[in-house]
Amino acid sequence: MLQTRLYFAGSAPKAVDQYVVSQGWSRLFSQLNDRSRIEKWMQFKDENPDLWLFIDSGAFSAYTKGVDINLDDYINYMNTNGDYFNVMVQVDTIPGKTSAEQDVEIYLKAPKLCWDNFLDMRSKLRPEIRSRFIPVYHEGEDWQWLDNMLSWVDPETHEQLKYIGIAPHMELSSDHRRDFGLEVYRHIKKLNPEVKTHAFGMTALDVLKYVPYTSVDSTTWLKSAIYGGILVPRGKSGKLCLVNVGERTTNSPDHFCYKGADTKKFLLNLIESYGFDVSELATLTPNQNVLEEREENITNSIAQRQMFNAKAMMKYLEDNDFIGAGKSTRRLVASGGVTR
């Protein structure tokens, strides 16, 4: 079983959140966009203190929308509610727009701005919640900034950081993200081997078989369901792949309707084993008339598919073990062959 904690990120319907709560799973919200949802989860935590709640600063959303985050307001928000939050993220400086569009000057300036801002924000937090407040290292920054983060010692407590954030490039392959993560852990092993790590936007859960991140977050469970998709394991590796089951998307070439009899049987058994009704899916045919008045099921409900996807992702973590890096991968990292 993989020991990484998975935080389900993004805004979901009320029924989906209630399902996640009932399962005791973890949630990530943006303080910039989701404060009403955070308040609801704080109420959930009053009833079930074992629920885990991760608060993102919303810096990436603010960056893409061209808006500023009120730092004093965010700091006050954490000081007021921080006892409910298991992890809180600094307002970081995003260096560049995509992996294909990298401004050298931005990458040179951003890490120092990011680190200075972390230290300033941390100093204004209540001491008892500071260990939950994490800085962020972005792929593409000079490795010296990760080393700086790992080597830093609190001048008051004389302790190193207990938790840090890692932001891989999300546009690149899972192999690349694996190799980047292994390089991150090479630095961790040398400078702060006890530090916990959170990897942002981990859409490829198979990376976790090789890189021992403490926690990750993902919105994959939400987004794929909107377009009719559910996540199902494929082959011996059990890698999660999309299968379309939506009643309005039967024209999709990857739709359940076009699978062979054995594959259909496997999928129906799998979906049913997760606790979801398959009666309508079993009889679904291309271009059939869609009935409006009936109970929600996995073919007609985005929420049902989102619940299924959350279950599938947790099942992946349960069914797979950590295997670490093979010799060839270790040689690649050690030789500097990892793409930065």
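Trainee: What is the relative accessible area of Arg35?

Mentor: The model is predicted: local features need pLDDT of at least 70, side-chain atom pairs count only at pLDDT 80 or more, and totals for chains, interfaces and linings use all residues. Residues are numbered from 1 along each chain as its sequence is written, while side-chain values use heavy atoms, with hydrogens and water left out. Arg35 counts as partly exposed, the class between buried (under 20% relative accessible area) and exposed (over 50%), with a 1.4 Å probe and protein chains only. The value for Arg35 is 26%.

Trainee: With which residue does Arg35 form a salt bridge, and how many residues apart in sequence are the parts tied together?

Mentor: A salt bridge is a side-chain nitrogen of Lys or Arg within 4 Å of a carboxyl oxygen of Asp or Glu. The closest N and O atoms of Arg35 and its partner are 2.8 Å apart.

Trainee: Which residue meets Asp154 in a salt bridge?

Mentor: The N to O distance in this pair is 2.8 Å. Asp154 is in the loop between α6 and β7, and the partner is in helix α5 (residues 104-123), 32 residues apart.

Trainee: How many strands are in the open sheet, and which are the edge strands?

Mentor: Strands pair if DSSP finds at least two bridges between them. The sheet has nine strands with parallel pairing, in the order β5-β4-β3-β2-β1-β9-β8-β7-β6. Each edge strand pairs on one side only; they are β5 (133-134) and β6 (136-138).

Trainee: Which residue in β4 stands opposite Phe54?

Mentor: Strand β3 (residues 53-56) and strand β4 (residues 87-89) pair in the parallel sense over two bridges. Helix α4 (residues 71-81) packs on the sheet and touches β3, β4 and β5 (contact means heavy atoms within 4.5 Å). The residue opposite Phe54 is Val87.

Trainee: Where does His158 lie, and what is its phi?

Mentor: Most residues other than glycine have a negative phi. His158 is not a glycine, yet its phi is positive. At 62% relative accessibility, His158 counts as exposed. His158 is in the loop between α6 (143-151) and β7 (163-167), and its phi is about 60°.

Trainee: Which residues are linked with Asp83 in a network, and how many salt bridges does the structure hold?

Mentor: The network is made of salt bridges and joins Asp83 with Arg126 and Glu128. The structure's total of salt bridges is 15.

How values were computed: Helices (H or I, at least four residues) and strands (E, at least two) are DSSP runs, numbered from the N terminus. Axes are lines fitted to C-alpha atoms, for helices over the stretch in contact, and angles run from 0 to 180 degrees between N-to-C directions.
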